[in-house]
Amino acid sequence: MARCAREKSVSGIYHIMMRGINRQDIFLDEDDRCRFLEIIKRVQESGSCSIYGYCLMNNHIHLLLQEKEEELSIIMKRIGTSYAWRYNKKYDRVGHVFQNRFQSEPVDTEAYLLGVLRYIHNNPVKAKLVAKPEDYQWSSCQAYYQGQDSSGLVNTPFVLSILNGNGEAAIKQFADFMHQENANQFMDFKAKQRKSDDDLAQAIKELLNGQPIELLQTMDIAMRNKIIREIKELEGVTQRQIARVTGIHQSIIFKA
């Protein structure tokens with residue numbers, strides 16, 4: 001089936017989502033997140049785009065950017081290829097890191113731009129990782145609360161100027177806006193029902209024909225990896241959760 005053409009943005013601004021292949025984690029530690037931010041900063045500094053916001057979750061990424069000297073597809077290919085190369089080298093793996101096609105939606109009004117940025121920043125709150133959007137380390141929210149991004153990655157003045165010409169007043173209005181309740185609908189991945197640890201443990205026992213989960217730790221490596229791959233295909237589980245329930249290190253889960 002042919003793919004539908006992407007909807008073009010009149011402003012050149014897009015809300016982008018990238019997800020790990022098979023919903024797998026794409027960030028296993030802080031260094032991974034730092035390297036991804038370095039990559040998008042390098043792409044931005046080349047003149048390809050301007051970054052207005054981001055949020056790095058465990059298995060997916062939200063970006064708010066404006067294409068400049070390059071088209072969106074080229075920008076995202078550069079980002080995805082650079083990170084995948086580095087990621088595969090670090091973890092001694094091959095193959096895709098991201099789901100084949102990123103998702104995008106055009107952002108053509110100031111109201112939608114502000115709403116999308118609020119949605120992006122509140123992703124960690126929705127996932128119950130933090131109580132307030134500014135508490136999450138791996139998003140652009142803190143940069144906006146400071147009025148500028150010390151790393152030079154996020155173009156905060158562009159968005160803040162929409163709210164108010166006075167810098168301090170704009171920051172206060174931005175903070176108030178981030179905490180406002182709203183029912184706006186934005187592009188998102190279809191939510192999957194997460195398994196509890198107990199449910200996952202039961203599913204693993206069924207794959208092991210009723211034998212104890214601890215058997216995985218002493219099993220022949222080839223057979224163990226086959227079972228782990230079957231576990232990773234279960235609906236609503238994460239690699240981190242599998243490692244927790246099985247007692248097998250996450251790097252082994254990842255490479256299986």
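Predicted model: local features only at pLDDT ≥ 70, side-chain atom pairs only at ≥ 80, totals over all residues.
When neighbours within four places in sequence are left aside, the residues in contact with S9 are Y14, P106, V107 and D108.

## Packing of helices 1 and 2

Helix 1 (residues 30-45) packs against helix 2 (residues 72-90) at an angle of about 150 degrees, and their axes are 10 Å apart. Because angles over 145 degrees count as roughly antiparallel, helix 1 is described as roughly antiparallel to helix 2. The crossing of these two helices is right-handed.

On the side of helix 1, the contact is made by D31, D32, R35, F36, I39, I40, R42 and V43. Helix 2 contributes I75, R78, I79, S82, Y83, R86, Y87 and K90 to that contact.

## Packing of helices 8 and 9

For helix 8 (residues 197-207) and helix 9 (residues 221-232), the packing angle is about 135 degrees, with the axes 11 Å apart. That angle makes helix 8 oblique to helix 9, and the crossing in which helix 8 passes helix 9 is right-handed. The contact involves L200, I204 and L207 from helix 8, which meet I227, E230 and I231 from helix 9.

## Cysteines

How many disulfides does the model contain? With the requirement that a pair of cysteine sulfur atoms lie within 2.5 Å, the count comes to 0 disulfides. The sulfur of C34 has its closest cysteine sulfur in C55, at 15 Å, which is too far for a bond. For C141 the closest cysteine sulfur is likewise that of C55, at 9.4 Å, and this distance too is too far for a bond.

Are C34 and C141 buried, partly exposed or exposed? C34 is partly exposed, with a relative accessible area of 30%, whereas C141 is buried, with a relative accessible area of 0%.

Technical notes. Residues numbered from 1 in each chain as written. Heavy atoms only, no water. Buried < 20%, exposed > 50% of the residue type's maximum accessible area, 1.4 Å probe, protein only. Contact = heavy atoms within 4.5 Å. Axes fitted to C-alpha atoms, helices over the stretch in contact; angles between N-to-C directions. Helix = DSSP H or I, 4+ residues; strand = E, 2+ residues; numbered from the N terminus. Parallel < 35°, antiparallel > 145°, perpendicular 65-115°, else oblique. Left-handed = near helix turned anticlockwise from the far one by under 90°.
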